[in-house]
Amino acid sequence: EVGAVSKACLLIEMLSTRKSWELAALSKAVGLPKTTVHRMILTLEDNGYVIQEKQRGEYCLSFKMFSVGSRMLRYSSMVDVARPYCMELLEAVNETVNLCVPFGTDMLVVDRHITTQPLRQDTVIGGTFPMLQSASGKIFLAFAQEAEVRKAVEQVREKSGREFADKLMLTLRAELEEVRKTGLAYDAEEVFKGVRCVAVPILDFQNCLAGTLSVSVPTVRLNKKTMANIKQQIVQMSQKISLRLGASPASLPFRALRQKRFPQTKGTLPASL
């Protein structure tokens, strides 16, 4: 156990029991020295989790804590709703199925269902892969809100270098426009050699991107027939999950399943990127 982390958790939990706290009362409530509590409060404040109501006033939790909890609730709800459809997709295509959400410069696997075939990609729940090179990441770049895309791309620039990120984004522009039209994104062994991937968006009740659904296939098993089956099945499952989460049928981007194009409600890649 890391003592400092445990104390910080205790402090956060205590802060949540009232609208606001005076420092001395908070110190007494958690049973820690006032100077220790003050240092912890300042650290939480610097990271946006605590605010001081006014100069030398009382402290309270910020809405950042609410935002974090809300996102976690959304993702947990999505996993629960999506799981039976992911299992149905696995049975239909017999290839590894991944459910992912954005995580900084990467995509994070929050659920996965692995094929029984001996040659397979054994993805791990909690595992990550690069956003800009993956099929799921391309779905995020194509359908996420503009502010979210800007933030993610800027983080890639900071982590991998501006020249690398800008060059990659330039090559992705035409591909992302096609992703928005069809609702399907691909990677051609860009993340893992010998493995290709197909991904689609999952939308929530606000018609916003809640996550991505993808199928990973060893290249040696991929042909026109298997690809056609995967695309048909993954689109159907994406629709079912999105509708269960409250998305409007008109917001779903799958061109092949509609005669009429509906206007996109998601953000587009900012021209400055």
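Leu10, Leu11, Met14 and Leu15 in H1 meet Leu26, Ala29 and Val30 in H2; contact means heavy atoms within 4.5 Å. By class, this contact has seven nonpolar, no polar and no charged residues. Ala, Val, Leu, Ile, Met, Phe, Trp, Tyr, Cys and Pro count as nonpolar, Asp, Glu, Lys and Arg as charged, and the others, Gly among them, as polar. The model is predicted: local features need pLDDT of at least 70, side-chain atom pairs count only at pLDDT 80 or more, and totals for chains, interfaces and linings use all residues. Residues are numbered from 1 along each chain as its sequence is written, and side-chain values use heavy atoms, with hydrogens and water left out.

**H1 and H2**
- H1 and helix H2 (residues 23–30) pack at about 120°, with axes 10 Å apart.
- Helices (H or I, at least four residues) are DSSP runs, numbered from the N terminus.
- Axes are lines fitted to C-alpha atoms, for helices over the stretch in contact, and angles run from 0 to 180 degrees between N-to-C directions.
- H1 and H2 are therefore oblique to each other. Angles under 35 degrees count as roughly parallel, over 145 as roughly antiparallel, 65 to 115 as roughly perpendicular and the rest as oblique.
- The crossing of H1 past H2 is right-handed, meaning that the near helix is turned clockwise from the far one by less than a right angle.

**Met14**
- Met14 lies in helix H1 (residues 3–15).
- Beyond its neighbours within four places in sequence, Met14 touches Trp21, Leu26, Ala29 and Val30.
- Met14 and Leu26 are 12 residues apart along the chain, and their C-alpha atoms are separated by 7.7 Å.

**H1 and H3**
- H1 packs on helix H3 (residues 34–46) at about 80°, with axes 11 Å apart.
- The two helices are therefore roughly perpendicular.
- H1 supplies Ala4, Lys7, Ala8, Leu11, Ile12 and Leu15, and H3 supplies Val37, Met40, Ile41 and Leu44.
- This contact has nine nonpolar, no polar and one charged residues.

**H6 and H7**
- The axes of helix H6 (residues 146–160) and helix H7 (residues 162–182) come within 6 Å and cross at roughly 135°.
- That makes H6 oblique to H7.
- Val153, Glu154, Val156, Arg157 and Ser160 of H6 meet Arg162, Phe164, Ala165, Asp166 and Met169 of H7.
- The residues divide into five nonpolar, one polar and four charged.

**Arg18 and Trp21**
- The charged end of Arg18 sits over the ring of Trp21, 3.9 Å from its centre. The rule asks for NZ of Lys or CZ of Arg within 6 Å of the ring centre and within 35 degrees of the ring normal.
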